[in-house]
Amino acid sequence: MANCILCSTELKFINTPTFGSGKLNDGSIVCTSCFKKINNADPKMAFKLKNHSLNDIKNLFDEKATKNEQALSRLEEIKIQIRQLNLTNSASFLGRKEINELPNILAQSEIIDNIVQGTYNNGHGILISTNRRLVFIDKGILYGLKVEDFPLDKISSIQYETGLLLGGIKIYTSGNTAKIDNIEKLSARTFSEFVRDKLSKPNNSVNNVASEVNILDQLEKLAKLKESGILSEDEFNEQKKKFLEKL
Ligand SMILES: [Zn+2]
């Protein structure tokens with residue numbers, strides 16, 4: 001009998017895929033466990049293995065390995081971000097299963113600036129603040145992954161309330177209120193104050209560009225008013241000075 005073209009295991013009846021489904025385009029064969037690996041990586045390729053070469057399979061596995069590595073290094077990056085937040089209980093965050101999902105949930109350029117643990121809609125999870133949004137992530141055993149997004153520009157306000165030991169955070173968006181409960185008291189307060197601060201200073205570049213454009217626009221209008229004689233040279237210069245001070 002022949003051997004598996006990938007792992008060299010001797011092919012017997014018991015480890016040879018049925019109906020020739022393990023056969024490649026050159027007639028060589030893969031064993032059932034290698035066939036399963038191909039099927040996991042690319043079911044379409046496994047389904048029509050006879051159209052593919054050994055090289056196709058090797059490339060497939062390489063691609064898969066690269067993707068896994070990228071996800072892994074992104075996860076490391078995220079964990080470093082979380083450690084650098086210097087949260088008192090960062091070890092308990094890093095142990096949560098939601099953390100492993102973050103490479104798939106967060107954009108490449110998204111930066112975590114705060115986290116709390118709590119419950120939302122009966123699920124226990126983490127509320128993350130990033131440079132773009134708040135996002136509640138809850139990975140349950142039975143129902144899988146739940147992700148709820150609150151983009152910063154949709155949040156009208158954020159409030160906290162505290163009891164004896166635990167606190168809650170209310171996120172107000174247009175027409176909706178989300179309440180995250182059972183947050184450690186002090187964290188509920190620092191988190192919501194942090195987000196409130198962030199919401200109160202619209203320091204993103206989009207806004208700055210918009211106001212610059214607006215000022216230039218108004219200057220142009222002023223210039224037209226001067227041209228048409230409505231404003232005198234002095235009046236124009238005075239207004240112009242005021243506008244330029246705003247830039
Ligand atoms: Zn094999």
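**Metal site and fold**

Analyst: Start with Cys4, which is buried because its relative accessible area is 2%. Buried means under 20% relative accessible area, exposed over 50%, partly exposed in between (1.4 Å probe, protein chains only). This is a predicted model, where local features need pLDDT of at least 70, side-chain atom pairs count only at pLDDT 80 or more, and totals for chains, interfaces and linings use all residues. Residues are numbered from 1 along each chain as its sequence is written, and side-chain values use heavy atoms, with hydrogens and water left out.

User: Which residues coordinate the zinc ion?

Analyst: Cys4, Cys7, Cys31 and Cys34, each through SG, at 2.3 Å. Donors are N, O and S atoms within 2.8 Å of the metal (3.2 Å for Na, K and Ca); water is not among the atoms, so sites may look incomplete.

User: How are the donor residues spaced in sequence?

Analyst: The pattern is C-x2-C-x23-C-x2-C. Cys4 and Cys34 link distant parts of the chain, 30 residues apart. Cys4 sits in the segment before α1 (32-41), and Cys34 is in helix α1. Helices (H or I, at least four residues) and strands (E, at least two) are DSSP runs, numbered from the N terminus.

User: Is Cys34 buried or exposed?

Analyst: Buried, because its relative accessibility is 4%.

User: Why is the arrangement around the zinc ion tetrahedral?

Analyst: The 4 donor atoms subtend angles of 106 to 116 degrees, so the arrangement is tetrahedral. Four donors count as tetrahedral if all angles lie between 85 and 135 degrees. The ideal angle for four tetrahedral donors is 109.5 degrees.

User: New topic. How many helices and strands does the chain have?

Analyst: There are 8 helices and 7 strands. The radius of gyration is 29 Å, well over the 18 Å that the globule rule gives for 247 residues, so the chain is more spread out than a compact globule. That radius is taken over C-alpha atoms, and the rule is 2.2 Å times the number of residues to the power 0.38.

User: What box do the C-alpha atoms fill?

Analyst: Roughly 100 × 60 × 35 Å, along the principal axes. Buried residues make up 34% of the 247.

User: Now Asn122. Where is it found?

Analyst: Asn122 is in the loop between β1 (112-120) and β2 (123-130). Its phi is near 70 degrees, a positive value in a residue other than glycine. Asn122 counts as exposed because its relative accessibility is 82%.

User: And Leu142, buried or exposed?

Analyst: Exposed, because the relative accessible area of Leu142 is 86%. Leu142 lies in the loop between β3 (133-140) and β4 (144-151).

Notes
Tetrahedral: all angles 85-135°; square planar, octahedral: opposite > 155°, others 65-115°.
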